[in-house]
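Please study the sequence and the structure before working through them.

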Amino acid sequence: MINRSSNVSARRSSDGSSSSGGGGGNIVVLAHHHPSSKTKERRSSSRSSFMLPLLLASLTLLIMMIGRPLLPLSSSSSAKDDDALQLKSDSTTSLRKPSDASSDYTSSRKQTNNSNYKLTPKHQFPKGWQTFSYDHIRHHFNCRERSKDMNKPLPSLDDWNFMRRTYTQIVDNTIKPWNDDLIPPTLGYSIVPGVPVPPPYYAKLSPGKGRGLFASRYIKEGELVHDGTVSDIIFPNAMKFREFVFSLPRDFACDAAEWVWMQPLEKGGDYRILMGINISALMNSGGKDWHDEEGKTVNAVPESGYEGKFYATRDIEEGEEILTDYDVYYTKWSLVGLG
């Protein structure tokens, strides 16, 4: 809030009207006539009669300018005003232009680069790493033990940025720059390219499943929930995936092995290796087959085994966990060279 008094003081100081001292001009001394006491009384009375209406007028004007806040409000009237103010605020938020909304994410998307994570050099890779299968990779890093940990913290911004820098350095340095997306990976990505609005979910710990995704608002049946075609990364071959994983510290390597899957990118196409590299990778699978004691049903799946867009299969309430079906994508690691 602007301090008006300080601004006025600053202006006065700048134009010199409040500064002390004077110029070097001649000083003229004027003789003063001292009026009698009666004259003083008449002048005082006249001045008082002039100032009183002026003060009353000023007070009236002040009251008119302040208006309603000086009037007593009933509790019902105050509540209506609060509701109106909230409605106006909500409307303003919903009508913001993307350029206005982008400032909300600017500070949170900055790469801090404060992590102390180091890449493992190739000469320290395990012997025969070039032929490791998917299962062999998980066994090497003891990922089974990490998978059992249901209290793993959510990846931080530094964690995601480290994974992204590693992918760029090891796999593909021509990939689109992630810095162009105003949505940080801790919130997802811009579900519509060029529009800084994240997907309708957020990440938190899921009871019994560890990390998961939850609806940030009410999602209607048939609505787009996740678009992997604008957020997933693709490995050109199994060798690059192995090099990427073995370059990472153990916990990151296990996360990468957990977040990777295989699918064709078009009907009848070859199978490729894909991975999520933002919170979309934390989406769990539903149903009793995935140790869901409550038997929660799947609510977001792609339309086919080669699609990357996930749609709501039913209405999803705010705060409800987003659950997909991992079996939508056929898995046979030998088809991508990791058998």
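This is a predicted model: local features need pLDDT of at least 70, side-chain atom pairs count only at pLDDT 80 or more; totals for chains, interfaces and linings use all residues.

Residues are numbered from 1 along each chain as its sequence is written, and side-chain values use heavy atoms, with hydrogens and water left out.

**Exercise 1.** Identify the disulfide of the model and describe its geometry and placement.

*Solution.* Step 1: apply the criterion, a pair of cysteine sulfur atoms within 2.5 Å. The count by this rule is one disulfide, formed by C143 and C254 with their sulfur atoms 2.2 Å apart.

Step 1: assign the handedness. The torsion about the S-S bond of C143 and C254 is about -90°, so this disulfide is left-handed.

Step 2: locate the two cysteines. Helices here are DSSP runs (H or I, at least four residues), as strands are (E, at least two), both numbered from the N terminus. Because C143 belongs to helix α7 (residues 143-148) and C254 to helix α10 (residues 250-259), the pair ties together parts 111 residues apart in sequence.

Step 3: both C143 and C254 are buried, where buried means under 20% relative accessible area, exposed over 50% and partly exposed in between (1.4 Å probe, protein chains only).

**Exercise 2.** Determine how far helix α10 is enclosed, and examine D255 within it.

*Solution.* Step 1: seven of the 10 residues of α10 are buried, so the helix is largely enclosed by the rest of the structure. Among them are F252, A253 and W259.

Step 1: D255 has 6% relative accessibility and therefore counts as buried.

Step 2: list its contacts (heavy atoms within 4.5 Å). With neighbours within four places in sequence set aside, D255 is in contact with R146 and R211.

**Exercise 3.** Characterise the packing of helix α8 against helix α9.

*Solution.* Step 1: helix α8 (residues 157-170) and helix α9 (residues 238-247) pack at an angle of about 135°, with axes 10 Å apart. Axes are lines fitted to C-alpha atoms, for helices over the stretch in contact, and angles run from 0 to 180 degrees between N-to-C directions.

Step 1: this angle makes α8 oblique to α9, since angles under 35 degrees count as roughly parallel, over 145 as roughly antiparallel, 65 to 115 as roughly perpendicular and the rest as oblique.

Step 2: M163, T166, Y167 and I170 in α8 meet K240, E243, F244 and S247 in α9.
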